[in-house]
Amino acid sequence: MLHALTSIREATSPMLQQIDKFQIVLIKPSKYDDDGYLIRFWKGVLPSNTLNVLHGLTEDIIDRRVFGKLNIEITTFDETAEKVPVDKIIRWSKQPGSKLLVCMVGVQTNQFPRAVDMSRQFRAAGITVIMGGFHTSGTINMLSDQEPEIQALYREGICVVSGEVEGRWEIILADFLHGPLKPL
Ligand code: B12
């Protein structure tokens, strides 16, 4: 583990010197109703497990200084109970010296169309997007990543995560900081 951490620091260090702030935006998408309207509640009663877990795993990476003194900022949005300020996030991504990653987290099948639509808005602004959760993991593991909807994500430059991320999150983040992310 120590070796892995040292290699992450070494591999990313030249890149880290050029970055003032690394912003990680974690979004739990909501879903559309049968008429295509976005469902959003006035108040949320059950915070999303996935959003909390991803937030905790990211805080742990900050606490362990996996990326040295890099200023890492985490922002979470649960779209079931709050509006996701897409335009504002796009503006954050344009700040000089800042690197921003958008993550669609805990995406279930009923939330997948919404997650894709929101991802497209970020991709149109040149922002890197990663999508994970039961839908991508289940589809890839039960069928394969040759499924048309997963292939469509690849074509649109939306990176896909299959499976659990514990123990691997920092490797994905290092890949993002170092160069283009792998599609899967
Ligand atoms: C607990 C749970 C609930 C709880 C949620 C509590 C909460 N506040 O979060 C409750 C009871 C509310 C619930 C409700 C529903 N659920 Co539910 N639920 C589960 C259950 C048992 C565990 C989910 C969980 O919390 N896992 C822990 C988190 C941390 O894991 P995770 O989401 O998989 O995320 C990991 C990875 O996927 C990955 N990951 C995820 N996203 C991302 C993003 C990035 C960028 C990265 C890098 C990694 C990554 O990293 C995470 C950590 O390893 C699963 C079954 C299961 N065993 O998975 C069903 C399950 C997810 N639920 C399901 C369903 C259908 C629903 C409902 C739609 C039911 C309904 N008809 O209302 C609702 C939807 C609610 C909503 N708005 O999301 C289905 C989804 C099926 C599908 N095809 O998508 C599942 C799979 C059950 C099943 N087998 O049918 N559920």
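The exercises below work through the ligand shell, an aromatic pair and several individual residues of this structure.

The model is predicted, so local features need pLDDT of at least 70 and side-chain atom pairs count only at pLDDT 80 or more, while totals for chains, interfaces and linings use all residues. Residues are numbered from 1 along each chain as its sequence is written, and side-chain values use heavy atoms, with hydrogens and water left out.

**Exercise 1.** Describe the residues around the ligand and the polar contacts that they make.

Then look for polar contacts, meaning pairs of N or O atoms within 3.5 Å. Thr109 places a polar side-chain atom 2.7 Å from a nitrogen atom of the ligand, Gln111 places one 2.9 Å from a ligand oxygen atom, and a backbone N or O atom of Gly133 lies 3.3 Å from a ligand nitrogen atom. Finally, assign the shell to elements, which are DSSP runs numbered from the N terminus, helices being H or I with at least four residues and strands E with at least two.

**Exercise 2.** Find the aromatic pair and classify its geometry.

*Solution.* A pair of aromatic rings is described by the distance of the centres and the angle of the planes. Because Phe22 belongs to strand β1 (residues 21–28) and Phe176 to helix α7 (residues 169–178), the pair ties together parts that are 154 residues apart in sequence.

For accessibility, buried means under 20% relative accessible area, exposed over 50% and partly exposed in between (1.4 Å probe, protein chains only). Phe22 is buried at 0%, and Phe176 is buried at 5%. The charged end of Lys99 also sits over the ring of Phe176, 4.7 Å from its centre, under the criterion that NZ of Lys or CZ of Arg is within 6 Å of the ring centre and within 35 degrees of the ring normal.

**Exercise 3.** Is Glu79 buried or exposed, and which residues does Glu79 touch?

*Solution.* Glu79 is located in the loop between β2 (71–78) and α3 (86–93). With a relative accessible area of 1%, Glu79 is buried. Counting contacts as heavy atoms within 4.5 Å, and leaving out residues up to four places away in sequence, Glu79 touches Lys28, Pro29, Ser30, Leu38, Ile39, Arg40, Val84, Arg114 and Met118.

**Exercise 4.** Characterise Arg65 by location, backbone angle and accessibility.

*Solution.* Arg65 lies in the loop between α2 and β2. Although not a glycine, Arg65 has a positive phi of about 50 degrees. Its relative accessible area of 46% makes Arg65 partly exposed.

Definitions and conventions
Polar contact = N/O pair within 3.5 Å; in protein donor to acceptor, adjacent residues only side chain to side chain.
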